[in-house]
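The paragraphs below lead through a ligand site and then through several residues elsewhere in the chain. Please keep the sequence and the model in view while reading.

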Amino acid sequence: MGQSITFHKADQLKAKPDAGQLGFGKYFTDYMFEMDYSAEEGWHDPRIVPYGPISLDPAATIFHYGQEVFEGLKAYRTEDGRILLFRPDKNMERMNQSCARLNIPEIDEKFVIKAIKKLVAVEKDWIPSQSGQSLYIRPFIIGTDPALGVHPSNTYKLLIILSPVGSYFGNSIHPVKIYVEDEFVRAVKGGVGYAKTSGNYAASLKAQTKSEELGFDQVLWLDGVEHKYIEEVGSMNIFFKIEDEVWTPALNGSILPGVTRNSVIGLLKHWGITVKEKKISVRKLFKKAEKQKLLEVFGTGTAAVISPVGFLKWEDKVIKVGNGEIGELSQKLYDTLTGIQTGKSEDQLGWTQEVKIEKEEVKEKAVDKAEEKAEKKPAVTE
Ligand SMILES: *Cc1c(COP(=O)(O)O)cnc(C)c1O
């Protein structure tokens, strides 16, 4: 798709939020990326436009039948001022797998990475640079057909929005409390569990609320058929250090294949640690814990990177993992991954991609100048 991305300049830029109060997904940058799909034209009209509300027909497919996929990745500012993306190719590969399951036309992965890089370059001043901070990137696709018949939409919109986010944990990493959900289920084999799609989250909210009411942070899902085997946490995959091995549930069609999960497995293997991707029953896990063999538990996901788990509750049993602090291996994984992401550690596995700034800056200035000259022209092609 050799299309050029047009740039529509905003009249006014927003004030940047206080770097100490970012939280997660509360603030959005000045611009967003937008592109449309129709059967006749395919994906077309890629553009960077001022961030703001979009207008959709009330009958649009997304509102009634939830035809949507999304992704989540981050841009990091290095100490020497470069901008890095972490494995964006993996996110785009997964986006196409999600599209295939949701009956959404596939995207040109390379082109969308190019769009992400261009948008991030335009918004470079929004990338926070304190420890643990980053610019969260949320690409998503929605079905937009104005029709109530149940069928795949014929038209779609792909948007990319950006949000500066703070350190997930604040200053120190606190282990989270996890509630093993044994009534509600999130996904079943044959369903859409492996796709990153809004419906999976809609299905999870009730259990999340229940776990919070019971004093827990997140839900650990069991398989949808027997309610016996461990799947994953709300928006994270889960790992268990059992003696000198690391176990994680095997990808079985109902678990989301996390990029962080894949990276953690890669690092552990690189370090010579035995990783087992297998079916793990919650009963067996609790037995291991009773025998003091469960040494560390952690979740993996783009938002928190590594999230240590301090408590697990299942039926009337409670496991306390470790001493209330992050485990040694969890810490090493966190330090290594965040080190690679922020350019502090050597990227031996070739996981980062740099967003080139200067070239984009020059282009942007050229666009500004061109606009000043031809003031009536609303959009300028790159
Ligand atoms: C996004 C997501 C994850 C984590 O995936 P990463 O690619 O590591 O961010 C895990 N589980 C679910 C349900 C998710 O949506």
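Lys196 carries the UniProt annotation "modified residue: N6-(pyridoxal phosphate)lysine", which comes from an unreviewed entry. UniProt positions are given in the numbering used here, feature names are shortened, and annotations may be inferred rather than shown by experiment. This is a predicted model, in which local features need pLDDT of at least 70 and side-chain atom pairs count only at pLDDT 80 or more, while totals for chains, interfaces and linings use all residues. Residues are numbered from 1 along each chain as its sequence is written, and side-chain values use heavy atoms, with hydrogens and water left out.

Lys196 sits in the loop between strand S9 (176-181) and helix H4 (198-202); helices (H or I, at least four residues) and strands (E, at least two) are DSSP runs, numbered from the N terminus. With a relative accessible area of 13%, Lys196 is buried. Buried means under 20% relative accessible area, exposed over 50%, and partly exposed in between, with a 1.4 Å probe and protein chains only. Not counting residues up to four places away in sequence, Lys196 touches Glu68, Val69, Phe70, Glu71, Gly72, Arg94, Ser98, Tyr201 and Leu256, where contact means heavy atoms within 4.5 Å.

Which residues come nearest to the ligand? Of the 15 residues around the ligand, they are Lys196, Tyr201, Glu232, Thr260 and Thr302; a residue is near a molecule if one of its heavy atoms lies within 4 Å of it. The shell around the ligand consists of four nonpolar, seven polar and four charged residues. In this division Ala, Val, Leu, Ile, Met, Phe, Trp, Tyr, Cys and Pro count as nonpolar, Asp, Glu, Lys and Arg as charged, and the others, Gly among them, as polar.

An N or O atom in the side chain of Lys196 is 2.7 Å from an oxygen atom of the ligand. For Tyr201, a polar side-chain atom lies 2.6 Å from a ligand oxygen atom, and an N or O atom in the side chain of Thr260 is 2.6 Å from an oxygen atom of the ligand. Taken alone the ligand exposes 390 Å², and the protein buries 97% of that; accessible areas come from the Shrake-Rupley method with a 1.4 Å probe, and for residues only the protein chains shown count as cover.

Arg94, one of the residues that Lys196 touches, lies in helix H2 (residues 88-102). Is Arg94 buried or exposed? Arg94 counts as buried, because its relative accessibility is 6%. Its side chain reaches the backbone oxygen of Pro257 at 3.1 Å. This is a polar contact, a pair of N or O atoms within 3.5 Å; within protein, one must be able to donate a hydrogen and the other to accept it, and residues adjacent in sequence count only if both atoms are side-chain atoms.

Another buried residue is Thr61, with a relative accessible area of 3%. Thr61 is found in helix H1 (residues 61-65).

Glu245 is placed in strand S13 (residues 245-249), and its side chain makes a polar contact with the side chain of Trp247 at 2.9 Å.

Asp45, in strand S3 (residues 42-50), has a positive phi of about 55° although it is not a glycine. Asn103, in the loop between H2 and helix H3 (109-122), has a positive phi near 60° and is likewise a residue other than glycine. Asp45 is partly exposed at 38% relative accessible area, and Asn103 counts as partly exposed at 49% relative accessibility.
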